[in-house]
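Good morning, and thank you for coming. Please look at the sequence and the model on the screen while I speak.

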Amino acid sequence: MEAKHTKGEWKQKGNHVWSINPLPTEVKGKALIAICDNSMLNAEANAKLIAAAPELLEALIELYDSLPDGYESISLPKVRNAIKKATE
């Protein structure tokens, strides 16, 4: 499972999400990842969640990979599906 998203740390400022390690589409040393609709009351909260996504995915993959063989849990299908959704 390898993530295909923009690598590097993502930062949130207001309703914008930026990558600190930008791709060639950089603007003033940063790459814009997302702009959350300001007309929504929760635009800043959505931007915070998006900015945390790479760290959340990395932690989830590390946790999943550390499980012993044969381990089963009622939430394991959700974990597999979330990782698949984010990496495919």
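N15 counts as buried, because its relative accessibility is 10% and buried means under 20% relative accessible area, exposed over 50%, and partly exposed in between, with a 1.4 Å probe and protein chains only. Before I continue, please note that this is a predicted model: local features need pLDDT of at least 70, side-chain atom pairs count only at pLDDT 80 or more, and totals for chains, interfaces and linings use all residues. Residues are numbered from 1 along each chain as its sequence is written, and side-chain values use heavy atoms, with hydrogens and water left out.

Where does N15 lie? The residue sits in the loop between β1 (10-13) and β2 (16-19). Helices (H or I, at least four residues) and strands (E, at least two) are DSSP runs, numbered from the N terminus. The side chain of N15 makes a polar contact of 3.3 Å with the side chain of N38. A polar contact is a pair of N or O atoms within 3.5 Å; within protein, one must be able to donate a hydrogen and the other to accept it, and residues adjacent in sequence count only if both atoms are side-chain atoms. With neighbours within four places in sequence set aside, N15 is in contact (heavy atoms within 4.5 Å) with A34, I35, C36, N38, A43 and A47.

Let us turn to the sheet. Three strands form an open sheet in the order β1-β2-β3, with antiparallel pairing; two strands pair if DSSP finds at least two bridges between them. Since β1 and β3 (31-35) stand at the edges with a single partner strand each, one side of each is left without a neighbour in the sheet. On average, neighbouring strands of this sheet are turned by 25° against each other, direction ignored. Between β2 and β3, which run antiparallel, there are four bridges. H16 stands opposite I35 in β3.

Helix α1 (residues 43-65) lies across β1, β2 and β3, and runs at about 170° to β1. Axes here are lines fitted to C-alpha atoms, for helices over the stretch in contact, and angles run from 0 to 180 degrees between N-to-C directions.

Which residues make up the largest nonpolar core? There are seven: W10, V17, A34, C36, A43, A47 and A51. Helix α1 gives the most to this core, with three residues. A second, separate core has five residues, including L57, I61, L76 and I83. A nonpolar core is a set of buried Ala, Val, Leu, Ile, Met, Phe, Trp, Tyr and Cys residues joined through side-chain atoms within 4.5 Å. In soluble globular proteins, nonpolar side chains tend to be buried together. As for W10, residues up to four places away in sequence are not counted, and among those that W10 touches are V17, I33, I50 and A51.

Finally, the salt bridges. How many are there? The count comes to two, where a salt bridge is a side-chain nitrogen of Lys or Arg within 4 Å of a carboxyl oxygen of Asp or Glu. One joins the side chains of E9 and K11, at 2.8 Å from N to O. E9 is partly exposed at 40%, and K11 is partly exposed at 41%. R80 forms a salt bridge with E72, with the closest N and O atoms 3.4 Å apart. R80 is partly exposed at 34%, whereas E72 is exposed at 54%.
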